[in-house]
Amino acid sequence: VSIAYSGVVIVGGLLASEMLWRLGLEYLQDLHPVLEPELHRQILARHMGVDVLSLGILAVMGWRARSIVWMVFEQWFFGKKGAVAPAAYMNRMFTKHPEATRIAVFFFWYQVKNSYDTLVWNDGPEYVVHHVFSLITSWVAIGSPFMAHFYAVFFLALCEVSTCVLCVLANFDDEHGVPGLGDAFPLTKIAVGAVFVVLFIVCRVLAWPIFAYLFFQDTKLAFAEMHPVMTTERKWWLRFLNVSLTSLSLLQIVFLAQIFLIGKEELTRAGLL
């Protein structure tokens, strides 16, 4: 029941934010010709009032819960050997963290709204696949039996800081954003793009594979030792999480290729290539 109430508040809040952005942009439409078409204002309202807001909240929630996963960064980025002990896999896989539960609840209901928007705006099948896996994965972290709360802090929250900036950048794309906005504000587009590239490399190219490797390693240990906590239900959900993480990791490669091609096109257009 509390999860349903949370959904009403979260989805209702996102709808209200989107409508407020639409009203605000309608009021400000005379500031620039690019704001005059209603469709352009709706696109901006979706990206800023729903996506950027939600992903920004998730990034902040992840940052506030960073102590749960900080040992990974200490070992892999700051050279503190032994910070992530393989023998502690039980804690990483089956310890419940209230912060991770709150992250998963918010992430789940954001993805409900995001999935609806993806279908309405016809974003593409790769985004539908991404959202379906994301929805089910976050539900596993919420429901019973809960698991992998340690990894939820990174995969559902911390790494979304790069996606948050990506949604700002998406406004400048003529296909998925507002046609003409990039041409109207080229320096802003370049600045946001530069910030995104840095965050994407840190979060998705460097940190994501590390956390994925640790998750697969912990999963292997969980199945090998077959602790009593590994109920039949948990075994099935753990197999799904492996498939989900593998699928989402492959999508990262697809998105990286798209980013590379778009970046090359934009640099060519700017005369830098």
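Predicted model: local features only at pLDDT ≥ 70, side-chain atom pairs only at ≥ 80, totals over all residues.

Trainee: Why is Cys159 called buried?

Mentor: Buried means under 20% relative accessible area. The value for Cys159 is 0%, so the residue is buried.

Trainee: How do you know that the sulfur of Cys159 is too far from the closest cysteine sulfur for a bond?

Mentor: A disulfide requires two cysteine sulfur atoms within 2.5 Å. The closest cysteine sulfur to that of Cys159 belongs to Cys203 and is 6.7 Å away, therefore too far for a bond. Cys164 is likewise in no disulfide, with the sulfur of Cys167 nearest at 7.0 Å. The structure holds 0 disulfides.

Trainee: The structure holds 17 aromatic pairs. What makes the pair of Phe133 and Phe240 stacked?

Mentor: Rings pair if their centres lie within 6.5 Å, and planes under 30 degrees apart count as stacked. Here the centres are 6.1 Å apart and the planes are at 20°, so the pair is stacked. Phe133 belongs to helix α6 and Phe240 to helix α11, 107 residues apart.

Trainee: Why is the pair of Phe155 and Phe211 called edge-to-face?

Mentor: Planes over 60 degrees apart count as edge-to-face. For Phe155 and Phe211 the angle is 80°, with 6.3 Å from centre to centre. Phe155 lies in helix α7 and Phe211 in helix α10, so the pair ties together parts 56 residues apart in sequence.

Trainee: What makes helix α7 mostly covered?

Mentor: In α7, 10 of its 10 residues are buried, including Phe155.

Definitions and conventions. Residues numbered from 1 in each chain as written. Heavy atoms only, no water. Buried < 20%, exposed > 50% of the residue type's maximum accessible area, 1.4 Å probe, protein only. Helix = DSSP H or I, 4+ residues; strand = E, 2+ residues; numbered from the N terminus. Phe/Tyr/Trp six-rings, centres within 6.5 Å; stacked < 30°, edge-to-face > 60°.
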